[in-house]
Amino acid sequence: MFTFQITSTFYWLKNNFTSKSIYLFLFVVLNTTLLNAQNNQKKSLTKIDAVLKDLKDQLHDATSANNKDAIVTARIQLAQFYENLGIENEAIKNYHEALELHTQTDTTSVYIGNKIGAIHLALKQYKNTLQYVTKSLEVAELINFKKGKATSYALLGSVAEKESDYALALKYQDKSLAIFKTLQDHTGLAITYENIGSIYEDLEQFDNALRYFLEAKSHAKHIPSNNRINIINNIGDTYRKQRSPKQALPYTQSALQMAEHTKNTHQVEAALKDLALIYADLNDHKTAFDYMMAYKDLNASESEYKNAELVSILQILYEVEEREAEVKLLNKQYELNQVRQRVILLSSAFLILLLIGWFLYFRKRKKQQAKIQDYKNRLLQANLEKKTNEEAALQREIDFKISALTNYSLHLSHKNKMMSDISRTLVNIKDRHTTLIKSKLELLIKEIDLDLSQEQEWTEFIGFFEQIHPNFFQTLKQAVTKELSPSELRLCMLLRLNLSSKEIASILRITPDSVRIARYRLRKKLPLNPKDDLQIFILNL
């Protein structure tokens with residue numbers, strides 16, 4: 001920070017030198033102190049790096065020990081560190097981390113909520129400020145944490161002031177003031193009186209503003225120097241706004257001296273600016289111009305210094321984060337290597353066990369397969385013998401049925417021939433006997449012819465045939481192009497039995513020529529080419 005010894009020297013220069021000399025002196029002082037500040041900046045940055053490293057180590061130790069309270073404390077300290085450096089986003093981040101870990105409803109949660117709200121207030125994010133401060137106020141009222149309530153009311157009053165709702169702002173500040181009075185908290189009283197004075201100053205009620213600023217000064221002995229300087233400066237500025245520059249001058253000069261002593265550049269800038277305005281009101285425009293130029297030079301130098309300092313701080317933070325990231329990466333790689341080694345060992349052991357298990361399983365399976373194969377061979381042999389016996393029995397049954405069917409066919413043929421001979425004989429002798437004999441013989445001939453025409457024997461014949469050739473008629477029906485007559489079906493059965501035309505003629509009691517004609521007609525109803533053999537076609541059905 002810059003240090004300035006301006007005030008006492010200024011009067012001596014004013015009485016002995018011109019305005020240009022005064023301004024040149026201020027310029028030289030500012031630039032000289034800027035060089036000193038640049039040297040001090042390196043030391044300050046080194047200290048910041050050391051403090052940050054110490055805080056990070058504390059957080060790491062607390063995290064390693066899984067100590068939730070220590071982690072919360074470390075997070076709060078880091079947030080305060082970043083807040084002092086003006087890095088609000090990191091401060092809010094750490095406060096949030098602390099608030100998420102600290103789930104208890106106590107003074108710590110109120111403190112963190114108010115701190116987050118205060119940072120959002122400084123960033124002019126009033127909606128976020130209200131969100132956190134309102135919640136902190138609810139918790140503070142629940143646990144009757146008076147100082148937390150007072151702080152929350154003060155922050156709510158500041159938000160209302162920023163939003164120009166001065167009535168609400170005064171209401172909240174009065175509540176805060178009442179609580180600080182019961183606590184006899186001089187710091188809180190000084191800050192609250194100053195806040196109320198600022199509200200009246202915005203309302204241009206300068207008498208009330210001055211009254212509250214002076215009251216704040218009476219409680220400002222033990223508060224931080226920055227707040228004391230600000231109160232004194234406000235008193236001087238209020239006198240100036242009341243058109244009393246002579247009364248304002250000593251307060252503003254005192255604020256400047258205090259700011260120089262504490263190396264508070266921001267307050268030095270404010271004092272220089274206010275002094276310029278005061279001397280302008282005193283019609284000492286040269287002095288006012290000198291102070292204004294000193295203010296501008298300091299402001300430009302301070303802005304440049306702050307920018308350089310901010311860049312350096314951010315560089316340090318980046319390097320710290322980078323180191324942390326490298327450490328985390330190394331830890332992750334180490335953990336990953338450990339995991340890989342475990343995986344390799346487990347995989348190797350599993351593979352060995354798998355191979356042993358597979359080998360034992362293969363041996364057992366091979367034995368089982370040998371037993372199963374032996375059982376299968378025995379079963380197959382038994383099934384083969386069974387099927388052989390069944391086929392032999394079936395073949396014997398078929399041969400028997402074919403023989404029976406053939407014998408039945410021959411018997412039927414013989415019977416028909418015999419009956420035909422009897423009928424022919426009777427026909428020949430019917431005219432050789434008397435009338436009575438003739439009538440009886442005619443009756444006998446009719447009964448014999450009737451017996452020959454009956455279908456009972458053909459029904460039995462078809463039954464035997466279907467037992468031997470169960471699907472013949474169905475296959476034949478699908479093959480023909482036209483529907484077959486009963487006599488044609490009989491012809492097909494006899495052809496399937498591989499009987500000759502002479503045997504067929506004898507069974508059907510027709511001539512061989514009639515059999516030939518019937519075969520010819522049957523061919524037309526079957527899908528046969530002229531060169532195809534009817535007998536072969538029927539046998540293949």
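A salt bridge is counted here where a side-chain nitrogen of Lys or Arg lies within 4 Å of a carboxyl oxygen of Asp or Glu. This tour visits several such pairs in a predicted model, in which local features need pLDDT of at least 70, side-chain atom pairs count only at pLDDT 80 or more, and totals for chains, interfaces and linings use all residues. Residues are numbered from 1 along each chain as its sequence is written, and side-chain values use heavy atoms, with hydrogens and water left out.

**The whole chain**

Of its 541 residues, 37% are buried. Buried denotes under 20% relative accessible area, exposed over 50%, and partly exposed the range in between (1.4 Å probe, protein chains only). For contacts (heavy atoms within 4.5 Å) between residues at least 6 apart in sequence, 60% join residues at least 24 apart.

**First stop: R240 in helix α11**

Select R240, which lies in helix α11 (residues 225-241). R240 has a relative accessible area of 16% and is therefore buried. Leaving aside residues up to four places away in sequence, R240 touches A248, D274, L277, I278 and D281.

R240 forms a salt bridge with D237, the closest N and O atoms being 2.9 Å apart. Both residues belong to helix α11 and stand three residues apart, about one turn of the helix. An α-helix has 3.6 residues a turn, so residues three or four places apart point the same way. D237 is buried as well, because its relative accessible area is 11%.

Eight salt bridges are found in the whole structure.

Next, select E488 and K525, whose side chains meet in a salt bridge (3.1 Å, N to O). E488 is in helix α18 and K525 in the loop between α20 and α21, 37 residues apart, so that the pair links distant parts of the chain. Both residues are buried.

Select residues 512-524, which form helix α20. Which residues of α20 are buried? They are V515, R519 and L522. Viewed down the axis of α20, the buried residues fall within an arc of 65 degrees (taken from the directions from the helix axis to the C-beta atoms), so they line one face of the helix. These buried residues pack against α18 (486-496), α19 (501-508) and α21 (534-539). On the other side of α20, R516, Y520, R521 and K524 are exposed.

**Last stop: helix α14**

Finally, select L360, in helix α14 (residues 285-429). Together with I352, L353, I356, W358, F359, Y361 and F362, L360 makes a nonpolar surface patch of about 880 Å².

How values were computed: Patches are made of residues with over 30% relative accessible area and no salt bridge: like charges are joined within 9 Å, nonpolar side chains (Val, Leu, Ile, Met, Phe, Trp, Tyr) within 5 Å. Accessible areas come from the Shrake-Rupley method with a 1.4 Å probe; for residues, only the protein chains shown count as cover. Helices (H or I, at least four residues) and strands (E, at least two) are DSSP runs, numbered from the N terminus. The expected span of a helix is 1.5 Å times one less than its number of residues.
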